[in-house]
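Hi there,

Here is the structure I promised to pass on. Please have a look at it first, and my notes follow below.

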Amino acid sequence: MQIREKIAAYVEKQDPVYRRIALDIHEHPEVSNYEFFACERLSNQLKEEGFRVTVDVAGHRTGFIGTYTAQKPGPVLVFLAEYDALAGLGHGCGHNLFGATSLLAAAALKQVIDETGGEVRVYGTPGEEGGENGSAKGSFVREGLFTDVDAALCVHPGDRHEASSKNIACLPVDIEFWGKPAHAAAAPEQGVNALDALILTYNGINALRQHVTSDVRIHGIITHGGDAPNIVPEYAAAKFYFRAATVPKLEALYHRIEKIVEGAALMTGAKGRLQSCQNRIDNMVPTPSFDAVYGRELSLLGETLLPPDESCGIGSSDVGNVSQVIPTIQPTIRIIDHSTPWHSEESKAAARSEKGLASIALGAKALALTALDLIEDSALLRQIKADHAKAIMEQKNNG
């Protein structure tokens with residue numbers, strides 16, 4: 001049996017196992033830092049597949065790494081796995097399929113890696129949707145877990161087969177003010193109003209919206225505004241997301257809002273603080289030549305990869321952090337036959353539908369065969385890495 005046939009045959013053989021995993025995770029939705037069931041289910045499956053597995057990685061108790069290394073040298077390729085759910089909704093983004101697909105792709109590639117040479121890894125990265133200790137890929141990058149990796153691969157559920165698209169950088173932050181409590185009627189002059197400082201900041205940010213580029217998004221809520229109307233608020237807090245097309249633009253935006261917080265503190269006498277509340281999410285840097293390899297493999301499986309639809313809404317994903325350091329693909333794979341809003345009951349249903357479950361085998365084959373192409377064609381891998389380096393340089397030069 002030829003190498004490519006071995007990969008496809010293994011995917012078909014193991015498909016029922018990974019469908020069951022996806023359904024089990026769908027039935028046990030867990031949010032960031034609490035994906036205990038999903039982490040155990042996926043990491044145990046990797047052990048059964050013969051991978052060396054470590055759980056609790058890069059400061060994330062529900063993160064894991066699975067590794068299999070051939071005796072023969074070759075590229076190091078990582079399949080990224082997501083498995084967190086949305087608070088209050090469940091798996092409305094299809095991450096139950098995402099994790100299962102990446103694992104099956106890695107397990108299938110493992111069947112031939114001793115012949116081809118190289119190393120295959122799975123990185124289980126919690127909290128893509130954000131939340132407590134969210135956006136784990138940023139931690140994996142910061143801890144140097146990609147320094148010896150040649151490329152990273154994954155597919156995300158969607159309503160069409162679409163190449164990796166740009167998304168925007170995002171920084172979730174907490175804004176807090178501390179004042180001095182006092183009786184609001186009897187002795188207001190003795191108080192320092194933290195809520196006033198926060199409202200000044202909120203209004204200052206709103207005024208800033210008129211003077212930013214169209215790629216910038218700023219949205220936030222007040223999470224604490226005081227304890228009682230007759231007490232001058234001693235503490236006030238808000239949570240904001242700052243977004244911009246690229247990391248340099250996001251950093252510039254952050255510094256502008258720092259000045260707003262400082263100004264509100266000066267005007268009121270309150271003490272202010274602006275700080276990130278989880279990992280920064282970097283913008284995605286696509287490598288079209290890498291997606292083209294995936295597209296060719298998908299076409300051999302009877303499907304067509306469409307170009308990215310830049311007219312769609314812009315969001316953020318921590319896959320962008322990985323794409324800042326190595327060539328990375330995250331195309332979408334169709335799990336429903338019509339356009340649908342994500343993070344909805346309809347997308348949640350699609351994530352356990354027959355079409356959704358069928359995407360596991362399709363995605364696993366396309367990913368594993370794409371990885372095989374990089375292992376077997378060293379010139380192709382060098383070109384993809386050069387294209388990625390050029391894209392990173394262009395981002396740096398253009399801000």
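A salt bridge here is a side-chain nitrogen of Lys or Arg within 4 Å of a carboxyl oxygen of Asp or Glu. By that rule the count is 26 salt bridges. Before the details, please keep in mind that this is a predicted model, where local features need pLDDT of at least 70, side-chain atom pairs count only at pLDDT 80 or more, and totals for chains, interfaces and linings use all residues. Residues are numbered from 1 along each chain as its sequence is written, and side-chain values use heavy atoms, with hydrogens and water left out.

**Salt bridges**

Arg20, Asp24, Glu27, Arg41 and Arg352 are joined in a network of salt bridges. Within it, arginine 20 and aspartate 24 meet at 2.9 Å, N to O. Both belong to helix H1 and sit four residues apart, about one turn of the helix. (Helices are DSSP runs of H or I, at least four residues, and strands are E runs of at least two, numbered from the N terminus.) In an α-helix there are 3.6 residues a turn, so residues three or four places apart point the same way.

For burial, I use under 20% relative accessible area for buried, over 50% for exposed, and partly exposed in between, with a 1.4 Å probe and protein chains only. Aspartate 24 is buried because its relative accessibility is 13%, while arginine 20 is partly exposed at 39%.

Two other pairs may interest you:

- Glutamate 119 bridges to arginine 121, with the closest N and O atoms 2.5 Å apart, and both residues are buried.
- Aspartate 282 and arginine 280 meet at 2.8 Å, N to O; aspartate 282 is buried at 8%, and arginine 280 is partly exposed at 30%.

**Helix H7**

Just after H7, glycine 302 takes a positive phi of about 90°.

**Cysteines**

There are zero disulfides, a disulfide being a pair of cysteine sulfur atoms within 2.5 Å. For cysteine 93, the nearest cysteine sulfur is that of cysteine 154, 12 Å away.

Happy modelling!
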